[in-house]
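Please open the structure in your viewer and keep the selection tool ready.

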Amino acid sequence: MVEMAEHQSLLLLLLFLFTLISGIESARPAFACGGPATAAMRFCHRNLPIKVRVRDLIGRLTLEEKARLLVNNAEAVPRLGIGGYEWWSEALHGVSDTGPGVKFGGDFPGATSFPQVILTAASFNASLWKQIGRVVSTEGRAMYNGGRAGLTYWSPNVNIYRDPRWGRGQETPGEDPTLSAKYAASYVRGLQQPTAAAAGFLRLKVAACCKHHTAYDLDKWHGIDRFHFSAKVSKQDMEDTFEVPFKACVVQGKAASIMCSYNQVNGIPTCADPNLLRNTIRTQWGLSGYIVSDCDSVGVLYNYQHYTATPEDAVAVTIKAGLDLDCGPFFALYLGSAIQQGKLNISDVDNALANTLTVQMRLRMFDGDPSSQPYGNLGPKDVCTPAHQSLALDTARQGIVLLKNQGRTLPLRPSNLRSVAVIGPNSDVTQTMIGNYAGKPCGYITPLQGINRYVRTVHQPGCIDVACSGPNQPIDSAVNAAGQADAVIVFVGLDQSVESEGLDRENLLLPGRQPELVQKAAAASHGPVIVVLISGGSLDISFARDDPRVSAIVWAGYPGQSGGQAIADVLFGAYNPGGRLPMTWYPQQFSDKVAMTDMGMRPDPARGYPGRSYRFYTGPVVYPFGHGLSYSKFAYAIAHAPAEFAVRIDGSFQTAVANSSDSVRAVQVSQARCSELIVPVHVDITNHGDLDGVHSVLIYSTRPIGAETWVPRRQLVSFEKVHVASGETTRMKLGVDVCAGLSFADDDGIRRIAIGDHNLEIGDLTHKISLHAEIIPA
């Protein structure tokens, strides 16, 4: 997404110099329209419609000033009382200083650091995601009021986690479009908290940005990097996989911004593709906001992809395509000459500027002193509050996934344990727990510290680091500790030295000698052995899954600042785990056979290609998408669900129902009355266990007969999180969106609803629903 990438170029030097010239954000005026000199300027009149104010401001700017406002480190316009502004702030899972817009220090030494997104997504809890967004925006607003942050956050990352080796998969909600779309819309709504305002524009608490559009999921693999990669994507996969979360960001989440990516899609840089930007994002989806480049993307398409002949051409083609803001210096350096050479019209520049200024006005950045505005009272007291830190802890608990629990080994009972050996390279880590795009946490509770709160421990790292390579690893000391303790907890996995931005994995195995550590500790132990995996990406741990000496396996993702406490609470039964995997865990043979560069989602038997994700993949798995155990046993009963359902079609379409293949009759989604097509499904969930528990109810659909080449094998169509007390039954009312969940994309990328029988699967239950077309008179 946005980082200045590791590549060295002249543009980076220019950007550095440009930043120096622009000055430091903390030294700039805190707000615009705050003095008597601006009182007569219409753009400062809060009672006027935003469109009028924006038009007035643009009319006062020179071309040079406009160019300097269309880059991330926008320069001040002192004669109009406008301070400089840094657009680039980050809030992926907490306010982060990854971008230059946030500066910790003084009254703001840190911010609440939530678990990395992949673990948060494992909670399958949309209300939680929205709540996290609200907390992050509160802390972001507080830091803005203190001059330590901006209000435009380039988060969340909603790219589909297509390949398990992707170093940035940790930042995403996983591989499933339905899950990712729900996460995107929920987190964005939580961040922005829009409020009604006059003139048709919603006011914003902060402005979110969904990235990286689109089909971006390769950083650096086998000599191929994101700056040169052209993703070959079919119209079908684009429609029903890659575009789904971005559309939800704009249509359901009302995101204020979308970021285009470094890569090309089918030979065209995403930041220069008018079909993706102007036609799809702004026109079809109705974006009310701005489109920003990933950092230095305009320079990349000129210098590295050689897409244009001159820098001016690069500026012209991107702005005409729909790009409004350049993270980088290109617009500031070459926009003026592009106009002078006749490659760009001033109206194109004004349109881009109108989109960025409109968002700033929706944020009340031209309404005078922030202290007199909504959220103006937020300050240091509202950051790292006990409630916020408690939510970070609870999020980690909700996301942790119990993968294996042989003989009900877990939860451990402290009264039965004199000592526990805590070993492994991730057993006492701090920064590892927060993953990437993290800020400075309020504090840390490491795994060792968390377990120490329950039992006496003996600690040996076993490996110097997660690489765990070479002959000098302290494995023997860890094995000796395992042999002396009543139970062994082995913390293995990954960190940012193995998976990160700019670094994709070569394989799916535990690094170095970590498997050896697990196996030797298991052989030496006289009690239960629990393996805890701290990682963003999935791992082939079939050796531990199949080893009877390994009693239990837990995946804890990157669990955030209080991750050690959350892990301990799960291991010792203070919290009943309910997380589910948001991605398929493949065996190593997948990465041996499948190139990261192959973008196809659907299998191709003719060339031995197995497809990707649980929706299409036809090969073996280590653990499937949605897998997650509990200390309780939950049973389902369908209380209500229709056997038949009418797909209502606008009568103005004369050929609404047609054959989409030899045996499938289908309705185009664009012709259906989608707002009316929600199938009610009421499910009773009974907890037969001894512990209260939270449980994710997942509803899948399976494809109709005859649609094998188009429709996913299995598709998540609805989910909800519910708390069920021990021995009790709770009824959940879910809805299945026919247009989103029971549709498919054909070869031309046209989404259709298959008429006929669909199976809904809920746990071990299957419910058949028959769809029929009903034409409503126009």
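The tour begins with the overall fold and then turns to a pocket.

This is a predicted model, in which local features need pLDDT of at least 70, side-chain atom pairs count only at pLDDT 80 or more, and totals for chains, interfaces and linings use all residues. Residues are numbered from 1 along each chain as its sequence is written, and side-chain values use heavy atoms, leaving out hydrogens and water.

The protein has 22 helices and 27 strands, which are DSSP runs numbered from the N terminus (helices H or I, at least four residues; strands E, at least two). Along its principal axes, the C-alpha trace spans about 80 × 65 × 50 Å.

Now colour by burial. Of the 778 residues, 65% are buried, meaning under 20% relative accessible area with a 1.4 Å probe, protein chains only.

Next, select Arg580, Gly626, His627, Gly628 and Gly763. Among the 33 residues lining the second largest pocket, these lie nearest its centre. A pocket here is an open set of points on a 1 Å grid over the protein atoms alone, where a 1.4 Å probe fits, with protein on both sides within 12 Å along at least five of seven lines; lining residues have an atom within 4 Å of a point.

Which elements each supply at least two residues of this lining? Select helix 21 (613-616), strand 17 (634-640) and strand 22 (693-702) to see them. Strand 22 gives the largest share, five residues.

How values were computed:
Buried < 20%, exposed > 50% of the residue type's maximum accessible area, 1.4 Å probe, protein only.
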